[in-house]
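Hi,

Here is the structure I promised to pass on. Have a look at it first, then read on for what turned up.

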Amino acid sequence: KARLTKFYPALSSGSTKLQLTLGSIRSIQVTIVGAVKKPGTVSLPSLATLFNALYACGGPVENGSFRNIELLRNNKVLVVADLYHFLLKGDQSANIALRDNDVIRIPFATTQVAIDGGLNRIGIFEMKPEETLEQLLSFGGGFRKDAFKGRITGTRYTDIEKKVIDIAASEFPVFRLENGDSLYVDSVINRYQNRVIITGAVFKPGSY
């Protein structure tokens, strides 16, 4: 607009309008390395973001990290993305725009934990060192209505064998998980806390 004002003085007063349309979008080259399904250099539109690049390369492999994805620019870590914030909360604060020659590095996950049974979302979850069993239950969408909430059992690998772990409800906020832990949330026992059954010569037999 500043250049054209010399030839169209009415642009400065507003009586003449300028409309600008972007004719084509250039491409940028982004390199993706680490525990990713399709490592290498990909061509993306210059308006692409970090999540667009992750989609283009197929995302992390089975034991790749979803929570410590690094975007490097000029050999410096610009942002460390945690995809759980996006997948569970819709938070796109780490989904920043890419530039030419950016590098995305996906490390291997250090702590992966499996949980099955009475949760709304079961599967394998990646945990950070400071997170506890309470955060894992949150990742799993919380207990189902028939889940036994009093304790959770599972197995853990030691250096030479496996062992049973048994966590009471009071320990959920402080219990730290280790890589390879496998947990199971059981269902409530088939027993009633306060039931009396009345049968025989009464007007309304049944459970009370």
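Let's start with a term you'll need: two rings of Phe, Tyr or Trp count as a pair if their centres lie within 6.5 Å. With that in hand, Tyr84, Phe125 and Phe139 form one aromatic cluster. Keep in mind that this is a predicted model.

Searching the whole structure gives 3 aromatic pairs. One of them joins Tyr84 and Phe139, whose ring centres are 5.2 Å apart with 80° between the planes. Planes over 60 degrees apart count as edge-to-face, so that is what this pair is called. Tyr84 sits in helix 4 (residues 83-89) and Phe139 in helix 5 (residues 133-139), so the pair ties together parts that are 55 residues apart in sequence. Are these two buried or exposed? Tyr84 is buried, at 10% relative accessible area, and Phe139 is buried too, at 9%.

Next, take a look at Arg156, which you'll find in strand 8 (residues 151-157). Its relative accessibility is 9%, so Arg156 counts as buried. What does its side chain reach? A polar atom of the Arg156 side chain lies 3.3 Å from the backbone oxygen of Arg176, and the side chain also makes a polar contact with the side chain of Glu178, at 3.5 Å. Leaving aside neighbours within four places in sequence, the contacts of Arg156 include Lys162, Ile165, Phe175 and Asp181.

Last, the surface: Leu4, Phe7, Tyr8 and Leu18 make a nonpolar patch of about 440 Å². Of these, Tyr8 is in the loop between helix 1 (2-5) and helix 2 (10-13).

Cheers

Notes:
Residues are numbered from 1 along each chain as its sequence is written. This is a predicted model: local features need pLDDT of at least 70, side-chain atom pairs count only at pLDDT 80 or more; totals for chains, interfaces and linings use all residues. Side-chain values use heavy atoms; hydrogens and water are left out. Patches are made of residues with over 30% relative accessible area and no salt bridge: like charges are joined within 9 Å, nonpolar side chains (Val, Leu, Ile, Met, Phe, Trp, Tyr) within 5 Å. Accessible areas come from the Shrake-Rupley method with a 1.4 Å probe; for residues, only the protein chains shown count as cover. A salt bridge is a side-chain nitrogen of Lys or Arg within 4 Å of a carboxyl oxygen of Asp or Glu. Helices (H or I, at least four residues) and strands (E, at least two) are DSSP runs, numbered from the N terminus. Buried means under 20% relative accessible area, exposed over 50%, partly exposed in between (1.4 Å probe, protein chains only). A polar contact is a pair of N or O atoms within 3.5 Å; within protein, one must be able to donate a hydrogen and the other to accept it, and residues adjacent in sequence count only if both atoms are side-chain atoms. Contact means heavy atoms within 4.5 Å. Rings of Phe, Tyr and Trp (its six-membered ring) pair if their centres lie within 6.5 Å; planes under 30 degrees apart count as stacked, over 60 as edge-to-face and the rest as tilted.
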